[in-house]
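Subject: Structure handover

Hello,

I am passing this structure on to you. Please open it and keep it in view while you read my notes below.

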Amino acid sequence: MGEDLRQLSVAADLLRSARSIVVFTGAGVSAESGIPTYRSGSDGLWSAQNMERFANPSGYARNLPESYEWYRARALTALDVQPNAAHRAIAALTTARRGVTLVTQNIDSLHQRAGSADVIELHGNLRECRCEACGWRVPWASAPGRPSCPECTGTLRPDVVMFDEMLPAEALEAAFAAARTADVMMVVGTSLQVAPASELPRLALRAGGRVIVVNPDEQDGLTGPGVVRLPGKAGQVLPPLVASATLAPSAEGPGAGSPAS
Ligand code: OAD
């Protein structure tokens with residue numbers, strides 16, 4: 001058996017025997033849907049210029065209305081693309097068995113569109129824009145042409161967490177609690193460059209859980225005891241992994257006491 005297949009089989013065994021699983025995703029899980037990641041590839045969203053203009057509240061305010069338009073274009077792109085095989089495999093895992101918690105840093109809602117319910121969104125989402133003054137909200141598809149609230153003339157902004165802002169407390173607490181009690185955390189398509197979300201895998205490891213990493217590169221630095229790496233694209237690795245992990249165990253399978261043939 002090749003090394004990749006052996007690792008896949010180890011990972012499937014871990015998932016099969018786990019009582020509690022956390023799936024923790026980042027931009028890489030949506031790459032095969034056509035959404036650029038933040039930091040990888042020449043089309044990464046966080047070019048130095050975009051970081052400066054759009055990633056934090058003061059850049060956003062200084063660069064209106066261009067910053068509003070940038071988020072609106074991303075929201076409309078997210079509506080336009082389709083969930084991929086990785087989102088569908090994760091949805092299959094979350095529905096096939098109990099004890100699976102899905103935590104994402106993504107704001108594109110593709111997990112929900114693939115059929116996952118109760119997704120913990122750490123960085124907000126691009127479903128609606130909101131007025132930062134009065135809280136008025138509207139789906140991006142019907143958002144005003146200018147970043148001005150029709151109710152109070154306050155500034156409209158995306159409902160996402162920008163740098164220098166707090167993560168939603170309830171989501172963060174739920175994610176940390178799930179990480180602390182996870183038998184297995186599967187980390188898919190994230191570079192782990194942004195705290196506090198990046199702490200989740202190490203928290204799971206410290207609490208005695210195992211970590212499976214699905215990522216074509218090793219920029220995340222997750223290696224060592226307790227870590228199984230599956231180096232490949234999420235859309236290619238996850239379908240066979242989840243299929244294997246959700247197969248019903250055979251009553252006559254290995255270790256079930258059947259005589260060796
Ligand atoms: P990054 O762009 O930092 O990392 C994307 C990761 O996905 C990299 O490790 C790639 O190697 C990996 N990747 C690329 N294609 C893949 C594929 N097909 N399958 C699997 N993995 C693949 O994105 P995040 O780690 O999600 O926050 O970034 C974290 C946060 O930084 C984002 O939520 C966002 C950003 O600032 C906010 O906006 C608050």
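Which residue stands opposite E121 in β3? T104 does. Please bear in mind that this is a predicted model.

Now the strands around that pair. T104 belongs to β2 and is also the bridge partner of T25. Strand β2 covers residues 100–104. Four of its five residues are buried, so β2 is mostly covered. Strand β1 runs over residues 21–25 and pairs with β2. The pairing is parallel and has five bridges. Strand β3 takes in residues 120–121. β2 and β3 pair in the parallel sense too, over two bridges.

Next, the ligand. Where does the ligand sit? In the largest pocket.

For A27, a backbone N or O atom lies 2.8 Å from an oxygen atom of the ligand. For Q105, a backbone N or O atom is 3.2 Å from a ligand oxygen. For G189, a polar backbone atom is 3.2 Å from an oxygen atom of the ligand. On its own, the ligand has 800 Å² of accessible area, and the protein covers 94% of that.

Best wishes

Key. Residues are numbered from 1 along each chain as its sequence is written. This is a predicted model: local features need pLDDT of at least 70, side-chain atom pairs count only at pLDDT 80 or more; totals for chains, interfaces and linings use all residues. Side-chain values use heavy atoms; hydrogens and water are left out. Buried means under 20% relative accessible area, exposed over 50%, partly exposed in between (1.4 Å probe, protein chains only). Two strands pair if DSSP finds at least two bridges between them. A polar contact is a pair of N or O atoms within 3.5 Å; within protein, one must be able to donate a hydrogen and the other to accept it, and residues adjacent in sequence count only if both atoms are side-chain atoms. Accessible areas come from the Shrake-Rupley method with a 1.4 Å probe; for residues, only the protein chains shown count as cover. On a 1 Å grid over the protein atoms alone, a cavity is a set of points where a 1.4 Å probe fits but cannot get out, and a pocket is an open set with protein on both sides within 12 Å along at least five of seven lines; lining residues have an atom within 4 Å of a point. A molecule sits in a cavity or pocket if more than half of its atoms lie within 2 Å of its grid points.
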